[in-house]
Amino acid sequence: MSSPKPRGARQSLVRLFAEARRSGRDGLVVSGHHNTNRIAHLRQPLAFLLGAESGKVLAKFRTPLPTVEVVPRIWRRESEVLRAVAAHVGEVPRCLADFDTWSLHGYLDGRALADENPAERLGSARLLELAEFFARLAGVPVSELPPLPLDWPDEGDSAGFLAWLARFAEEEVHQSNRPRFGRLFDAVGIPLDAVDRFMRSVPKLTGRPFSLLHTDVHRANVVVVQGPVRDPAPGPVSGPVSDPEGGRLAVIDWELALYGDPLHDLATHLVRMNYDKSEQDLMTLMWTDAMRRAGHEDMTVGMDVDLPVYLGFEYAQSVFPDVMRAALALPDRPAEEDLATAAGRVGRALRRAREPLGLTEKVPDIRDVSAALREWHAKDRADGTDPADPVVRVDGTPWAGQEPSSTRR
């Protein structure tokens, strides 16, 4: 269902009453990495103006936070992406109103996989649901999406798409954050030419048709919901697999959506879900089968060679935000336990990036990383940096520092 955009007098009334509800004291307020959300029921007259039932619709009053990007964002309005997705994928949060500086969304009432199943195997039924979600996503026409940036790679130019991602990682994530984090990057062994090292190792990619990509399908962004099954797009992959007892899956948080090589979406999903090796392999097979059944076989060509490239890129580029998020999570006066926990996260990121970056040096042990974090933290505080300042937005592979996933619908 498309999200209505109020106009004229009605727009003014909707905004007036929505602002009042957003400023209210009831409901739950959650500040995440992207937005501050007040979650509360719609009330009259706002519910009437939006065509909703006052006491039955939970809404999310969503205000963006000022942040520095560490992941690419090509579309300013998530509501425009949601309109296209809802017409073809179905189970997504509905944008009730978009006021440019903030927006009002429906709230999917359910339980995130991060809460229901934070680390265990998902099982073949859940994997099939996710595979079919990606296949439906590949069917969203580009003509229904917002305009692409002027410098966007040509349709099917997979090599150009990966090069665009690499430029963003180098210029907007690595170099932009070196003034504050450069000494920490150096101390833990991240080379100055990390992104170039990776790109020099990339073989010639096979060109594949582009599609809409979510880019952030992990357990905190997948919600188990109950109720009637929506089936917006009849066809080979026609709608969510229904599981009356266990619920079905819905994917949230679409503001980081891209348009490009679908193997990138599969790779980020495989890494961020923390599958074990057997489920990662099974998910890859199910994804391939679902894409082919949906008529997207041309999106699977060359994947045996190219999927490992995208997996390597995910590990390589995430080393920067992973190190920054570990450092930023330290309290004002970190104890040894705090430093050891942060060092463990840094070490994991370095080990995962070692092969993609072609690192020959030994990954520093936890004591060396702890010492580097302690020195960085002391200097950062001495420079007068506010520890609460959201200098970077810590998107990417989920970790324990994220906001409670059950509040993110």
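Helix H11 is followed by Gly 358, whose phi is positive, near 65°. Helices here are DSSP runs of H or I with at least four residues, strands are runs of E with at least two, and both are numbered from the N terminus. The model is predicted, so local features need pLDDT of at least 70, side-chain atom pairs count only at pLDDT 80 or more, and totals for chains, interfaces and linings use all residues. Residues are numbered from 1 along each chain as its sequence is written, and side-chain values use heavy atoms, with hydrogens and water left out.

Stay with H11. This helix covers residues 336-357, 22 residues in total. From its first C-alpha to its last it reaches 30 Å, close to the 32 Å expected at 1.5 Å a residue. The expected span is 1.5 Å times one less than the number of residues. Buried means under 20% relative accessible area, exposed means over 50%, and partly exposed lies in between, using a 1.4 Å probe and protein chains only. An α-helix has 3.6 residues a turn, so residues three or four places apart point the same way.

Now step back to the whole protein. It has twelve helices and ten strands. Buried residues make up 54% of its 409 residues. Take the contacts between residues at least 6 apart in sequence: 78% of them join residues at least 24 apart. Contact means heavy atoms within 4.5 Å.

Next comes a helix pair. Two packed helices are described by the angle between their axes and the distance between the axes. H5 (residues 124-137) and H9 (residues 277-293) pack at about 45°, with their axes 8 Å apart. That makes H5 oblique to H9. Axes are lines fitted to C-alpha atoms, for helices over the stretch in contact, and angles run from 0 to 180 degrees between N-to-C directions. Angles under 35 degrees count as roughly parallel, over 145 as roughly antiparallel, 65 to 115 as roughly perpendicular, and the rest as oblique. The crossing of H5 and H9 is right-handed; that is, the near helix is turned clockwise from the far one by less than a right angle. H5 contributes residues including Leu 127, Ala 131 and Phe 134, while those from H9 include Met 283, Met 286 and Trp 287. By class, the contact has twelve nonpolar, one polar and three charged residues. Nonpolar covers Ala, Val, Leu, Ile, Met, Phe, Trp, Tyr, Cys and Pro; charged covers Asp, Glu, Lys and Arg; the others, Gly among them, are polar.

Look around this pair. Gly 123 sits in the loop between helix H4 (113-116) and H5. It is partly exposed, at 26% relative accessible area. Gly 123 and Met 283 are 160 residues apart in sequence but 9.9 Å apart in space, C-alpha to C-alpha. Thr 284 lies in H9 and is buried, at 16% relative accessibility. Leaving out residues up to four places away in sequence, Thr 284 touches Leu 266, Leu 270, Met 303 and Leu 307.

Finally, two loop residues. Asn 274, between H8 and H9, has a positive phi of about 55° although it is not a glycine. Asn 274 is partly exposed, at 37%. Thr 215 lies between strands S7 (211-213) and S8 (222-225). Phi of Thr 215 is also positive, near 75°, and this residue is buried, at 8%.
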